[in-house]
Amino acid sequence: MSAPVAGPEIERLVQLLSKLPGLGPRSARRAVLHLVRKRIELLSPLADAMQIAVERIVICDACGNIDTCQPCTICIDPRRDNSTIIVVESVGDLWALERAGAMRARYHVLGGTLSPLDGVGPKDLHIDALITRCADEQVKEVILAVNATVDGQTTAHYITDLLSHFSLKVTRLAHGVPVGGELDYLDEGTLSAAMRQRTAM
Ligand code: ZN
């Protein structure tokens, strides 16, 4: 291991930032240098924002989203459609769907996927809370927006079975050709799914 080039406070900053996804020790060191150079404009407001986040961030009791209010901003938004719940694995997926802006519905964050190999069972996910929400007669459709992985699809089938005795529609995201995608570069699984789920022009 190389000798430290700065005092323990700065080395600690580097060490903490290097734990962030996408940042290794070298890029963390660059980020710290940048923050130190911009101490007033960037480092200080960032520290304040982080302190506020530490104090105020909560997990929404209703949907599992993270926010600074309880219930979360999405759950209390009156412009959203109460009859549709979009089920996602993580808050990151919720944010991704919100960026796409495709639907103004409610969400339910599972907190992962069923994974027998990793010892993740139904009790480890927020599935019971989803079923309770679906018992509300306002809910007409549940969209399973889980990842197209083996665990994601196992989870989707499990939830579909649990919801089979409710009078609501259970749908899942289409699998297929990405927007701007070229057929030649796609794997066989994606191509055959896209062919099976073709739509009329
Ligand atoms: Zn919520």
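Visitor: What is the strand order in the open sheet, and is the pairing parallel or antiparallel?
Guide: In this predicted model, the open sheet has 4 strands in the order E4-E3-E5-E6, and the pairing is parallel.

Visitor: Which are the edge strands?
Guide: Strand E4 (105–109) and strand E6 (169–172) are the edge strands, each pairing on one side only.

Visitor: How much are neighbouring strands turned against each other?
Guide: On average by 25°, with direction ignored.

Visitor: How many bridges join E3 and E4?
Guide: E3 and E4 pair over 5 bridges, in the parallel sense. Within that pairing, Asp81 stands opposite Ala105 in E4.

Visitor: And how many join E3 to E5?
Guide: There are 4 bridges between E3 and E5, which run parallel. Thr84 stands opposite Glu141 in E5.

Visitor: What is the bridge partner of Glu141 in E6?
Guide: Lys169 is the partner of Glu141 there. Strand E5 (residues 141–144) is joined to E6 by 4 bridges, and the two run parallel. Another facing pair is Ile143 and Thr171, the latter in E6.

Visitor: Which way do the E5 residues point?
Guide: Glu141 and Ile143 point one way from E5, while Val142 and Leu144 point the other way. All of these are buried. As background, side chains in a regular strand alternate between the two faces of the sheet.

Visitor: Which strands does H7 lie across?
Guide: Helix H7 (residues 150–162) lies across E3, E5 and E6, and runs at about 165° to E5.

Visitor: What about the largest nonpolar core: which residues touch the most other members?
Guide: The core has 18 residues, and those touching the most other members are Val87, Ile127, Val142, Ile159, Leu163 and Leu168.

Visitor: Which elements give two or more residues to this core?
Guide: E3, helix H6 (127–134), E5 and H7 do. The largest share, 4 residues, comes from H6.

Visitor: What is Leu168 in contact with?
Guide: Leaving aside neighbours within four places in sequence, Leu168 is in contact with Cys134, Val139, Lys140, Glu141, Val142 and Leu163.

Visitor: Which residues are in the other core?
Guide: Another core of 14 residues lies apart from the largest one, and includes Ile74, Val91, Leu94 and Tyr107.

Visitor: Switching to the metal. Which residues are the protein donors of the zinc ion?
Guide: Cys60, Cys63, Cys72 and Cys75, each through SG, lying 2.3 Å from the zinc ion. In sequence the donor residues are spaced C-x2-C-x8-C-x2-C.

Visitor: Why is the arrangement tetrahedral?
Guide: Because the 4 donor atoms subtend angles of 104 to 115° around the zinc ion. Four donors count as tetrahedral if all angles lie between 85 and 135 degrees.

Visitor: Where do Cys60 and Cys75 lie?
Guide: Cys60 is in the loop between strand E1 (58–59) and strand E2 (66–67), and Cys75 is in helix H4 (residues 73–76). The pair therefore ties together parts that are 15 residues apart in sequence.

Visitor: Are they buried or exposed?
Guide: Both Cys60 and Cys75 are buried.

Visitor: Last one, Thr113. Where is it found, and is it buried or exposed?
Guide: Thr113 is found in the loop between E4 and H6. Thr113 is buried, with a relative accessible area of 14%.

Visitor: What does Thr113 touch?
Guide: Not counting residues up to four places away in sequence, Thr113 touches Glu89, Val120, Leu125, Asp151, Gly152 and Thr155.

Technical notes: Residues are numbered from 1 along each chain as its sequence is written. This is a predicted model: local features need pLDDT of at least 70, side-chain atom pairs count only at pLDDT 80 or more; totals for chains, interfaces and linings use all residues. Side-chain values use heavy atoms; hydrogens and water are left out. Donors are N, O and S atoms within 2.8 Å of the metal (3.2 Å for Na, K and Ca); water is not among the atoms, so sites may look incomplete. Four donors count as tetrahedral if all angles lie between 85 and 135 degrees; four count as square planar and six as octahedral if opposite donors are over 155 degrees apart and all others between 65 and 115; anything else is irregular. Buried means under 20% relative accessible area, exposed over 50%, partly exposed in between (1.4 Å probe, protein chains only). Two strands pair if DSSP finds at least two bridges between them. Axes are lines fitted to C-alpha atoms, for helices over the stretch in contact, and angles run from 0 to 180 degrees between N-to-C directions. Contact means heavy atoms within 4.5 Å. A nonpolar core is a set of buried Ala, Val, Leu, Ile, Met, Phe, Trp, Tyr and Cys residues joined through side-chain atoms within 4.5 Å.
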